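Please open the model in your viewer and keep the selection tool at hand. The tour goes from one selection to the next, with a short account of what is there at each stop.

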Amino acid sequence: MKKSSPQSGVHPRQNKQESFEQPPMYVAVMTYVGYGLVTLFGYFRDFLRAVGLEKCHVAQEREEQKDFTPLYQDFENFYTRNLYMRVRDNWNRPICSLPGPVFDLMERVSDDYNWTFRFTGKSIPNVINMGSYNYLGFAENNADFLKSVADRLQRYGAAVCSTRQETGNLSLHEELEQLVAEFLGVESSMTFGMGFATNSMNIPALVGKGCLIISDELNHTSLILGARLSGATIRVFKHNNMCSLEKMLKEAVCSGQPRTRRPWRKILIMVEGIYSMEGSVVRLPEIIALKEKYKAYLYLDEAHSIGAVGPTGRGVTELFNVNPGDVDVMMGTFTKSFGAAGGYIAGKKELVDYLRSQSHSAVYASAMSPAITEQIIRAIKCITGKDGSTEGIRRIRQLAENTRYFRARLKEMGFIIYGGDESPVVPLLLYMPAKVVAFAREMLARKIGVVVVGFPATPITEARARFCVSAAHTRDMLNQVLHHLNEVGDNLCLKFSRRKHPSRPDPCEETNS
Amino acid sequence: MALGDCWKQLSWFYYQYLLVTALYMLEPWERTVFNSLLISVAGMAIYTGYVFMPQHIMAILHYFEVVQ
């Protein structure tokens, strides 16, 4: 069940360093100036609210309770009150259609600077969707494709109403786990109803006190939460930096646990396949070499990379031509490329059997709904070609082509883009807080929906817009987006890149193999 | 026509100024407060320069013995 023809393009791909270009100095300075100014005005507004000159919209205690221990600390939510509230019309926008390549948004306006919203009743139709995790375009409502899902819904109902261990283990779940294990090339797998809970509830089952977790700087919250819940010691290495990881492994093996100097019971390296905020791809072969040398275990979270990278969509193990048996715990989610919800953990049979009885998620969480299970089954059958059509491989190729085209054109225009060339997650750096807001509003005015991310989720000077390329986007849609991006980039002065890029060769001449 | 272009260019510059200093995120009255503060401080600096620049230049030239 192994790889098809070995890629001759693997080694050049491995050697290409991912670029994280630094902006000119004035950008960093003005970003800090901007934040400083808004913070000063935040203090001023808080003062006005405290004195009573301005109506306070946030939660407050009753008059009789003002002498008690404070319930709502004034300073804690300073950032939310004074920065986020001013501009929060760019987030949590309600959608009223399928989140496919185009969608409809509800139009909402605010009369009091975003403290309250009201809907005008109209919707904004056909907004191009550059934010949904719809990498292979499975978020669709085509009746033919969804026929088996509708059948299952009719036969099994909407929910399972039980946990996997009680009466919630359907034959559908067994079929799905079998398919997932075959798809990934491992012995066995287990699926869970929620992707976040897959990480946070299963890591405590795998490691405990006396174990060491070495996790990447930019790991997702679910991994961090799971690591903290487990009670193991956590050490963090610099993002994708193999020297930092090796130093940490050496030090862990030589010195052992902090006070007793006993050897660690287990060392677990936690990395992700594609990091969702940076778009960078993990250096899998080097990590596997390190793990073999220092006898550690590897936990690979392929939430964004499964189905989205690799010649047949099998994730980073296929991208780097690595044996999936080398990765001890492979984890992933079905939310992104499969158009469903839930997660899986795959690996050796002993590992998965252990998790079936010891994981919190397996024992207490409700099992996956039958319709969603069938959606994942049909998505996997489509990707692997088991349903007899070439739709799956067409979508994977379309995604790879769209990704390459989009990234190349953006770099050529002069924007600063992070991440490796294969990753369909494209962060476009905006840096200054006001530009972030203006960008989101202008793009919506041009009927393109983007996701912008600011301070708590990214470092303070690196606010960005994150595009998720999808196989469902046609070349026309991408061209439209690029055209508008060009204009908005000029209007807002967003083209910070100082590197010269040659104009791209014809993408039809680039081949994948 | 030239006045219209000039106005458009100026308002584009004002927009860039709002974006770079993050005034774009503030309410209009806050922008007025900040702009008046900035203009008054800049005005005072220019006025002081205008009043005292001749004296300072004479003192420098006197120090370097260019003029007695």
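Begin by selecting A:Ile213, which stands opposite A:Leu268 in strand 6 of chain A. Strands here, like helices, are DSSP runs numbered from the N terminus, with at least two residues (E) for a strand and at least four (H or I) for a helix. Before you go on, note that this is a predicted model, in which local features need pLDDT of at least 70 and side-chain atom pairs count only at pLDDT 80 or more, while totals for chains, interfaces and linings use all residues. Residues are numbered from 1 along each chain as its sequence is written, chains are lettered from A and ligands numbered from 1 in the order in which they are written, and side-chain values use heavy atoms, with hydrogens and water left out.

Now widen the selection to strand 4 (residues 212–216) and strand 6 (residues 267–272) of chain A, which pair in the parallel sense over 4 bridges; two strands count as paired if DSSP finds at least two bridges between them. Strands of a sheet pair through backbone hydrogen bonds, either parallel or antiparallel.

Which strands make up the open sheet with mixed pairing? Select 7 strands of chain A, in the order 3-9-8-7-6-4-5. At its edges are strand 3 (188–192) and strand 5 (233–237) of chain A, each of which pairs on one side only. Neighbouring strands of this sheet are turned by 20° against each other on average, direction ignored.

A second sheet of chain A is the next stop: 3 strands form an open, antiparallel sheet in the order 10-13-12. Strand 10 (425–429) and strand 12 (451–453) of chain A stand at the edges with a single partner strand each, so one side of each has no neighbour in the sheet. Strand 12 is joined to strand 13 (residues 464–468) of chain A by 3 bridges, and the bridge partner of A:Val453 in strand 13 is A:Arg464.

Then select A:Glu374 and A:Arg152, which form a salt bridge with their closest N and O atoms 2.9 Å apart; the term means a side-chain nitrogen of Lys or Arg within 4 Å of a carboxyl oxygen of Asp or Glu. This pair links helix 13 (residues 370–384) and helix 4 (residues 147–156) of chain A, with the two residues 222 residues apart.

Finally, show both chains: 18 residues of chain B are in contact with 24 residues of chain A. About 1,900 Å² is buried between them, of which carbon and sulfur atoms give 71%; buried area is the accessible area (1.4 Å probe) that two parts lose on being put together, summed over both. Select B:Val20, B:Met25 and B:Glu27, which supply 32% of the area that chain B buries against chain A, more than any other three residues. The two chains share 3 salt bridges, including the one between A:Arg45 and B:Glu27, whose closest N and O atoms are 3.2 Å apart.

How values were computed:
Contact = heavy atoms within 4.5 Å. Axes fitted to C-alpha atoms, helices over the stretch in contact; angles between N-to-C directions.
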